[in-house]
Amino acid sequence: MTTDINTLLTALYVKIDDWLGASSRIGRPPKLTDAELLTLAVAQVLLGVRSEARWLRFVPRHLPGAFPYLPGQSGYNKRLRHALPLLQRAIRALARDTDLWAELVWVVDSTPVECGRSRPTTQRSDLAGWAGYGYCRSHSRWFWGLRLHLICTPAGLPITWALATPKIDERQVLMAILDHDPDLLVDRPGLLIVADKGYVSAELDHYLDERGVRLLRPSYRNRMPRPGEQFLKPIRQLIESVNDTLKGQLDLELHSGRSPEGVGARIAQRILALTAAIWHNRATGQPITRSLIAYDH
């Protein structure tokens, strides 16, 4: 099987259409089905077209016949914003359909998602009250926006994720994520979570111990090294490379969302695109699981 954008989109559409099954929608069926909507959203991210209006002009010329019906820009935007729960479920469905889902090593980290720069934006934006000011230690800069908290496998497959204001502690967000989705820890004996120094907490250690989960993180300089700490550096680079894929290739911080629903849907759209590429690469036996090169043109 070849690895190009048309092959990926065809396989993705068939997978999602089978997963969704018969529609239970009451009334006239939409001209653009949910499976077509998700496939269209993934294609937009992989091909790097950030403008929705430009994307809808781009599709007929570059993907002729792929989508029999295309809505207008406002219709596409509305469908996408309302599809956040569907996007989240699709990410989980694709992730579960890979052998990487059973991995017993997870990597957790958070990364900034900037939502505005000017002071008037921070005051008038619909995101005010959810988004806030935070500091990015990796780039030594302040930003106004949110933080994406991502749990993934060492190969980069997203397990779960959350968006939160930068003022909330990373450790509290991790516990909230696992409380919100307790089934994630079922049937995972010996699960190991790799994190950085930001997750140092006796409360978090106790929380994970109660659930049979081990946490591997660096210790402070004045503390005794934790067992296995010498293996942390190469593993920590993995989550940095996943964040770089999301930001450098999938335009995570160029989402253009202006409302909680818009930002959530656009971040989910990018995570779904990453998951779909990994899912397809594993299914076709590609040597590099997280490579997007075959699908970005």
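Which residue in strand 3 does glycine 134 stand opposite? In this predicted model, glycine 134 faces phenylalanine 143. Let us look at the strands around that pair.

Strand 2 covers residues 132-136, and strand 3 covers residues 141-152. The two run antiparallel, joined by five bridges. Together they make a hairpin, with four residues between the strands. Serine 140 sits in that turn and has a positive phi of about 50°.

Now turn to helix 2, residues 34-46. Is helix 2 mostly covered or mostly open? Helix 2 is mostly covered, with 12 of its 13 residues buried. Among the buried ones are Leu37, Leu38, Val42 and Leu46. Just after the helix comes glycine 48, with a positive phi of about 70°.

The cysteines come last. A disulfide is a covalent bond between the sulfur atoms of two cysteines. To count here, two sulfurs must lie within 2.5 Å. The count comes to zero disulfides. Cysteine 152 is in no disulfide either. Its nearest cysteine sulfur belongs to cysteine 136, 17 Å away. Cysteine 136 is buried, at a relative accessible area of 4%. Cysteine 152 also counts as buried, at 1% relative accessibility.

Notes. Residues are numbered from 1 along each chain as its sequence is written. This is a predicted model: local features need pLDDT of at least 70, side-chain atom pairs count only at pLDDT 80 or more; totals for chains, interfaces and linings use all residues. Side-chain values use heavy atoms; hydrogens and water are left out. The expected span of a helix is 1.5 Å times one less than its number of residues. Buried means under 20% relative accessible area, exposed over 50%, partly exposed in between (1.4 Å probe, protein chains only). Two strands pair if DSSP finds at least two bridges between them.
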